[in-house]
Amino acid sequence: MIKLPMTDERIEGKQKIDVMLGGGTSYFNRKDRNLIEEFVRNGFGYVTTLQDLVMNKNEQLLGLFAPIELPKQIDRGLTVPSLAQMTKAALERLKQNPNGFFLLVEGSQIDWAGHDNDIVGAMSEVKDFEAAFKEAVKFALNRDDTIVIATADHSTGGMSIDGNENYKWNPSVIKSITSTPFVIAARLHETKDVETLKHHMHFTIHEEDLKTIQTTLELEVEDTKQVLIDIINNYSSTGWTSKGHTGEDVPIYAYGLNRHLFSGRMENSDIAKILFQIID
Ligand SMILES: [Zn+2]
């Protein structure tokens, strides 16, 4: 999540970022440069846990909550903020600016889960994004100067319903799983015992599938993860058409001021053009 610089020089006289929250500590604290120290020297607050984020009162804020990517929503512990909590923290600061602001909130790992064809990761990340969108709409609710837009730059994985089971999707399987396949696979490789599955996947798994999982415990975590993903897709009748990005149109939703400018079929690059017109 980032406040992009306003390119309109008349607004601020200079381009300025006020809030950056997410993962990526290792990209900031590097051998050649420590960008965290540079941010702090320039007046930014710096936080690394949810608790710090909630307590911090700094107007400009850098928050890095993982070395590279954040854990997916379903795998997050108590110290890593949700996308909604980060959105709230950003809005609290940005709303102070009398010239207005632009906030970009990305549910970026919906895409990663799509590449993996991982329905558990995808649903958990969508849930995280949905809560963040609600937080943004809540902010805009009583204002007449704010627009909230939700869209995607593309779809990934081409999620569908597996026709083999008469198109009967079974989300209860997905709901009964408490971690992503990657985390479950890593745990299984620690314990070397398929019984560990019972702590994470609360549906009945056939004996032959348990045997298949067991054989992967001699291989790599990635192999176990792939088998778990296949089993979860199979039991939930989730189908996928690709491991890459797909070509269909994506929806755009707009709430608040000038929302009528975002409807029908649009070129994605027009979204930015219209936003700049609104700012003008
Ligand atoms: Zn992608």
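Buried means under 20% relative accessible area, exposed means over 50%, and partly exposed lies in between (1.4 Å probe, protein chains only). The views below show a predicted model, in which local features need pLDDT of at least 70, side-chain atom pairs count only at pLDDT 80 or more, and totals for chains, interfaces and linings use all residues. Residues are numbered from 1 along each chain as its sequence is written, and side-chain values use heavy atoms, with hydrogens and water left out.

**View 1. Lys-88 and Glu-92 in helix α5.**
The side chains of Lys-88 and Glu-92 form a salt bridge, with N and O 4.0 Å apart. A salt bridge here is a side-chain nitrogen of Lys or Arg within 4 Å of a carboxyl oxygen of Asp or Glu. Both residues belong to helix α5 (residues 83–94), 4 residues apart, about one turn of the helix. Helices (H or I, at least four residues) and strands (E, at least two) are DSSP runs, numbered from the N terminus. Lys-88 is partly exposed, at 41% relative accessible area. Glu-92 is partly exposed too, at 36%. By this rule the salt bridges number 15.

**View 2. Glu-190 and Arg-187 in helix α9.**
A salt bridge links the side chains of Glu-190 and Arg-187, at 2.6 Å from N to O. The two residues are 3 residues apart in helix α9 (residues 181–191), about one helical turn. Glu-190 is exposed, with 58% relative accessible area. Arg-187 is partly exposed, with 35%.

The chain is split into domain 1 (9–154 + 245–279) and domain 2 (160–239). These bounds come from an automatic or database domain assignment. The domain centres, taken over C-alpha atoms, are 31 Å apart. On the domain 1 side, 10 residues are in contact with 14 residues of domain 2. Contact means heavy atoms within 4.5 Å. The size of an interface is often given as the accessible area lost when the parts come together. Between domain 1 and domain 2 the buried area is about 890 Å², with 67% from carbon and sulfur atoms. Asp-75, Ile-119 and Val-120 lose the most area in domain 1, together 51% of what that side buries. Buried area is the accessible area (1.4 Å probe) that two parts lose on being put together, summed over both.

How many salt bridges does the rule find between domain 1 and domain 2? It finds 1. Asp-116 forms a salt bridge with Lys-225, and their closest N and O atoms are 3.0 Å apart. Helix α7 (residues 119–140) gives the most to the domain 1 side that touches domain 2, with 4 residues. The residues of that side divide into 4 nonpolar, 2 polar and 4 charged. Ala, Val, Leu, Ile, Met, Phe, Trp, Tyr, Cys and Pro count as nonpolar, Asp, Glu, Lys and Arg as charged, and the others, Gly among them, as polar.

**View 3. Lys-225 and Glu-222 in helix α11.**
Lys-225 forms a salt bridge with Glu-222, with the closest N and O atoms 3.5 Å apart. Both lie in helix α11 (residues 221–236), 3 residues apart, about one turn of the helix. Is Lys-225 buried or exposed? Lys-225 counts as buried, at 9% relative accessibility. Glu-222 is partly exposed, at 42%. In a separate network, salt bridges that share partners join Arg-76, Glu-125 and Asp-128.

**View 4. Positive phi at Lys-192.**
Lys-192 is not a glycine, yet its phi is positive, near 55 degrees. Lys-192 sits in the loop between α9 and α10 (207–216). Its relative accessible area is 43%, so Lys-192 is partly exposed.

**View 5. Positive phi at Ser-237.**
Ser-237, also not a glycine, has a positive phi of about 55 degrees. Ser-237 is in the loop between α11 and β7 (238–239). At 2% relative accessibility, Ser-237 is buried. Which residues does Ser-237 contact, leaving aside its neighbours within four places in sequence? They are Ser-160, Ile-161, Asp-162, Glu-165, Lys-168 and Trp-169.
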